[in-house]
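Me: Please take a close look at one part of the model below. Keep it brisk, and give the cut-offs behind each term.

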Amino acid sequence: MEFSNINIIDVLPGLFLVVASVLAMISIAIKRNHIFIFVVTSTSLMGVFLFLILYASNHEFNVEPLFVIDGFGTFVTGLIVMSALAVSLLSYAYFEQREERKEEYYILLLLATLGSDILVISKHFVSLFLGLEILSISLYAMVAYLRKRNKSDEAGLKYLILAAFSSAFLLFGMALVYSASGSMDFTGIAKYVSANPTLPLPMFAGMCLMVVGIGFKLGVVPFHMWAPDVYEGAPAPVAAFIASISKGGMVVLLVRFFDTINGFQYPVLVLAFACIAVASMIAGNVLAIQQTNVKRILAYSSIAHMGYILVAFLAGGELGEEAVSFYLVAYFLTNIGAFGVVAILSDQDRDAERLEDYQGLFWRHPKIAAVFTAMLLSLAGIPLTAGFLGKFYLITSGVHAQLWWLVIVLVASSVIGLYYYIRIIAMMFEKAEGSDELALHPRLYLINLITLLVLCALIIYYGIYPQGLIEQIHNFLQ
Amino acid sequence: MQVAFYIAALVAVISTIMVITRFNIIHALLYLVVSFMAMAVVFFILGAPFAAALEVIVYAGAIVVLIIFVIMMLNQKEEAVTQEKKWLTPMVYVGPAILSALMMGELVYIIYVGESHAVGQHVVDVKELGKTLYGPYILAVELGGMLLMAGIVGAYHLGRQKKKVIHRFLKEKED
């Protein structure tokens, strides 16, 4: 019986996360201890990262029939794991201040990371859907985790209904693609695609439905409606998770799927993604201008950023993949840092989400204000930050592929975007007048501060000296 | 067999349309059960008897019972009962009854014909299914386990009573 042709070492990163989540669950059953479960989570994430560095780099193999483990996947898995570690470091202090039961959060965090990791390495519809659902189901509970807040219920319910709906779209699309091509494996679909230069109708319908499902997860226009409400209602570390890890996994999957099946030979699909990219860049930036809630501003900015990343995705090729990898690193660091600042300034009653909460921050907490300024400048793409180089990479890949319109829209909408980032920075330098009753009284934890400073240092380091990172990406993508 | 397939598929489509157009949840539920049964027949004719059995046991059985539990927990008052009596006219159950009768007829027909020769398909039996699931797709099965774990842990956390409510009671006692 061909029971197991799976080499256990190949799937070890996933196994690490599974074991850690089961261990966390058992430890809750025995005795609830926040620190213990936090240590288990962080160690396992660190363990996966060390394993990837020591063993898995420069390996390329398939775990038939579900997974492909290549350089791109390994690189992004490492990125996801380290981002999850940053999120869990930020979460510890955030949840320590709240009376809710905190321990289940870490199980969900580990499982969501596992889901994203599976998306990144999957080459089959079955593993794609399972990974997506593990990610989504963990996120439903994480978004609504703080039961005492009304807004988090609303956000959780919105995310649940819309994500379930989009999963149904994705599933129906996959069924149609399967019925047309007779294969759920990406390479099998690629064979069918190369035999059909014109897009057959069932395949076309299936692809369209899949674009809806994927677009929802990425939060791109016109499937972006959930993003601002969910970001606003979710706890700040969870918002960081959704903005970075959950979207990053889907981006990689999209790149891999289209690269494998060579979907760009169909002009219809290219046009559809180009329209989505343009709409996201413009709508994300324009809508963010009117917001006065920092979490909502970051939500709209992440919509715009997904639009930017689609430019590199459309450019395709090796340069496109490289640009996506670099941009994901910059985007993950920046977004987790920005939401980390929101998390560190939040107190028991509410998150630091109003623009007024940041008034005069520079005089109250100069270190945090400096970090937040760096994050916002990186989001805006100002030189000397990783965000600038990421955007530079995207534009290079767009120009290389001669996507002039997309590049022009990218540059123009970035300029619009500058306005609302700078507005927050200006707010932080404004002197606060009088004492506000609603002022927040956060307890600052050293662990948070250190995490933020490390993230900030990385952004500036990669902004000034990106060669190291670029060489790493080259090594992995070869 | 081909005719049986088309009848079952038609019943599935009609009953599903009825499910999403009903305003009363119980009425929708009646059609939902019919829809599941029709789907089971479709699976059977396409050569997947195990999937057909699961469709009946899990969906038409367990899930529908769960939905009924949820409706019970909504705690409807007595007016709801009288209203229900008013609504439960033959008009309501005649539709699902006709569709179910059709399915019944198909069931008798399939048993009468005996051998389950699927329409031009290879019949997938349980043994083959198990070998596939626990052979190449073993990792998918284990990921399914993780999926359920995420669901259970999430539901456990969210299902707990809100503390907010307890606070309010405590305040009332102080008065």
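How many helices and how many strands are there in chain B?

Reply: Chain B has eight helices and zero strands. From the N terminus, its elements run α-α-α-α-α-α-α-α. Helices (H or I, at least four residues) and strands (E, at least two) are DSSP runs, numbered from the N terminus.

First, the ground rules. This is a predicted model: local features need pLDDT of at least 70, side-chain atom pairs count only at pLDDT 80 or more, and totals for chains, interfaces and linings use all residues. Residues are numbered from 1 along each chain as its sequence is written, while chains are lettered from A and ligands numbered from 1 in the order in which they are written.

Of the 175 residues of chain B, 20% count as buried. Buried means 20 or more other C-beta atoms within 10 Å of the residue's own; exposed means 12 or fewer; partly exposed is in between; C-beta atoms are placed from the backbone. Two residues are in contact if those backbone-placed C-beta atoms lie within 7 Å. Among contacts in chain B between residues at least 6 apart in sequence, 68% join residues at least 24 apart.

Take one residue of chain B. B:Met72 sits in helix H3 (residues 49–73). B:Met72 has 9 C-beta neighbours inside 10 Å, so it counts as exposed. Its C-alpha atom is 32 Å from that of B:Leu107, 35 residues away along the chain.

Now the partner. The contact between the chains takes 21 residues from chain B and 30 residues from chain A. On chain B, the elements giving two or more residues are helix H7 (138–159) and helix H8 (163–174). H7(B) gives the most, with 14 residues. By class, this side of chain B has 13 nonpolar, five polar and three charged residues. Nonpolar covers Ala, Val, Leu, Ile, Met, Phe, Trp, Tyr, Cys and Pro; charged covers Asp, Glu, Lys and Arg; the others, Gly among them, are polar.

Chain A has 19 helices and two strands. Its radius of gyration is 21 Å, close to the 23 Å that the globule rule gives for 478 residues, so chain A is as compact as a globular protein of that length. That radius is taken over C-alpha atoms, and the rule is 2.2 Å times the number of residues to the power 0.38. Buried residues make up 55% of chain A.

Next, the cores. A nonpolar core is a set of buried Ala, Val, Leu, Ile, Met, Phe, Trp, Tyr and Cys residues joined through C-beta atoms within 7 Å. The largest has 183 residues; A:Ile134, A:Val311 and A:Tyr327 have the most contacts inside it. Helix H13 (residues 317–345) of chain A supplies the largest share of this core, 18 residues. Another core lies apart from it, with 21 residues, among them B:Val34, B:Met37, B:Phe43 and B:Ala52.

Last, one enclosed helix of chain A. Six of the eight residues of H9(A) (residues 226–233) are buried, so this helix is largely enclosed by the rest of the structure. Those buried are A:Ala227, A:Pro228, A:Val230, A:Tyr231, A:Glu232 and A:Gly233. Their cover includes helix H5 (125–143), helix H6 (150–181), helix H10 (236–261) and helix H12 (294–315) of chain A.
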